[in-house]
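Trainee: I am new to this structure. Please take me through one part of it closely.

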Amino acid sequence: MSPIDCPSSAFVITGIGKRIGFAACQYLLSKGHAVIGSYRTSYPELDTLRAQGATLIKCDFYQQSSIENFITTVKQQPALRGIIHNASDWMNDINTNSASVFNTMMQIHASVPYQINLALHGLLEENSDIIHITDYVAEKGSKKHIAYAASKAALANMTLSFSALLAPKVKVNSIAPALIKFNQDDDSNYRSKALTKSLIPREGGYQEIFNALDYLINSHYVTGRTLSIDGGRHLK
């Protein structure tokens, strides 16, 4: 990998190719933060992030050597303002190789953040942040995505452990979204059904994620907590 070129302490965001990761990267860049982002698949949108000043590292988190190269590259940075674990995958348990699905989900949602946190926390500044992007299903479970839900629950539990380990210097929290944005190819039947699952029947929108990031980043006293952004799904 080429040497990293980031002018100041930065936020690391994993999985910035699309959706929440892409939007969060753009948002933090717009606030004047340096951002180091990881991506597995090249998308045209990544050129936008590069043009806005992001440092992007291609990384396949399913390959241990790639994880280690990513960590080594980020360690060239003298300091970090925060780490946001957003890299994710989504696999159905039905009619699949169950062992492979479970191991894959645990790898991307639990093992990767675990390794990165342990390797990079020494670079984090005073009152810096580790933020895990978990999921509403970590609390509720999922009949069709059991491994996914279990792996996100593991990530949520690591929020507790790492907050205790790294306090008081580093705050460690989670953001647990449900419906934030539909995909363009989601049909009307799916959208209608999804909206009925929340007390507030609409998309949350990326601004809700930005608000949560601002709250956690600006706080001096919140750690070991999960911010749920789910429109009241737990009460339906």
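Trainee: Let us look at helix 4. At what angle do helix 3 and helix 4 pack, and how far apart are their axes?

Mentor: Keep in mind that this is a predicted model. Helix 3 covers residues 64–74, and it packs against helix 4 at an angle of about 35°. Their axes are 11 Å apart. The crossing of helix 3 and helix 4 is right-handed. On the helix 3 side, the contact uses Q64, I67, F70, I71 and V74. On the helix 4 side, it uses Q107, V112, Q115, I116, A119 and L120. Sorted by class, this contact has eight nonpolar residues, three polar ones and no charged ones.

Now turn to another partner of helix 4. Helix 4 spans residues 98–120, and helix 6 spans residues 146–166. The axes of these two helices come within 8 Å. They cross at roughly 15°. Angles under 35 degrees count as roughly parallel, so helix 4 is roughly parallel to helix 6. The crossing of helix 4 with helix 6 is right-handed.

Look at the residues that meet there. Helix 4 brings V101, F102, M105, M106, H109, A110, P113, Y114, N117 and L118. Helix 6 answers with A147, Y148, A150, S151, K152, A154, L155, M158, F162 and L165. By class, that contact holds 16 nonpolar, three polar and one charged residues.

Next comes empty space. Rolling a probe the size of a water molecule over the atoms shows where such space is left. The count comes to one cavity of 30 Å³ or more. The largest cavity has a volume of about 50 Å³. Its lining is made up of T14, F61, H85, A87, I108, H109, V112, P113, I133, K152 and L155. Helix 4 gives the most to this lining, with four residues. Helix 4 and helix 6 each supply at least two of the lining residues. By class, the lining of the largest cavity has seven nonpolar, three polar and one charged residues.

Some names come back here. H109 and P113 of helix 4 meet helix 6, and both also line the largest cavity. K152 and L155 are in the helix 6 part of that contact, and they too are among the lining residues. V112 belongs to the contact with helix 3, and V112 also lines the cavity.

Follow the chain past helix 6. P168 lies in the loop between helix 6 and strand 6, which covers 170–177. The peptide bond from A167 to P168 is cis, with omega near 0°.

For a comparison, take another helix pair. Helix 1 covers residues 19–30, and helix 8 covers residues 206–218. They pack at an angle of about 55°, with their axes 10 Å apart. That angle makes helix 1 oblique to helix 8. The crossing of helix 1 and helix 8 is right-handed. R19, I20, A23, A24, Y27 and L28 of helix 1 meet Y206, I209, F210, L213, D214 and I217 of helix 8. This contact divides into 10 nonpolar, no polar and two charged residues.

R19 is not a glycine, yet it has a positive phi of about 50°.

Finish with a pocket. The second largest pocket holds about 200 Å³ of space. Its lining residues are A178, L179, S198, I200, R202, E203, G204, E208, S228, I229, D230 and G231. By class, they come to four nonpolar, four polar and four charged residues.

How values were computed
Residues numbered from 1 in each chain as written. Predicted model: local features only at pLDDT ≥ 70, side-chain atom pairs only at ≥ 80, totals over all residues. Heavy atoms only, no water. Axes fitted to C-alpha atoms, helices over the stretch in contact; angles between N-to-C directions. Parallel < 35°, antiparallel > 145°, perpendicular 65-115°, else oblique. Left-handed = near helix turned anticlockwise from the far one by under 90°. Contact = heavy atoms within 4.5 Å. Nonpolar A, V, L, I, M, F, W, Y, C, P; charged D, E, K, R; others polar. 1 Å grid on protein atoms, 1.4 Å probe; cavity = no way out; pocket = protein on both sides within 12 Å on 5 of 7 lines; lining within 4 Å. Points joined across faces, edges and corners; volume = space filled by probe spheres on them.
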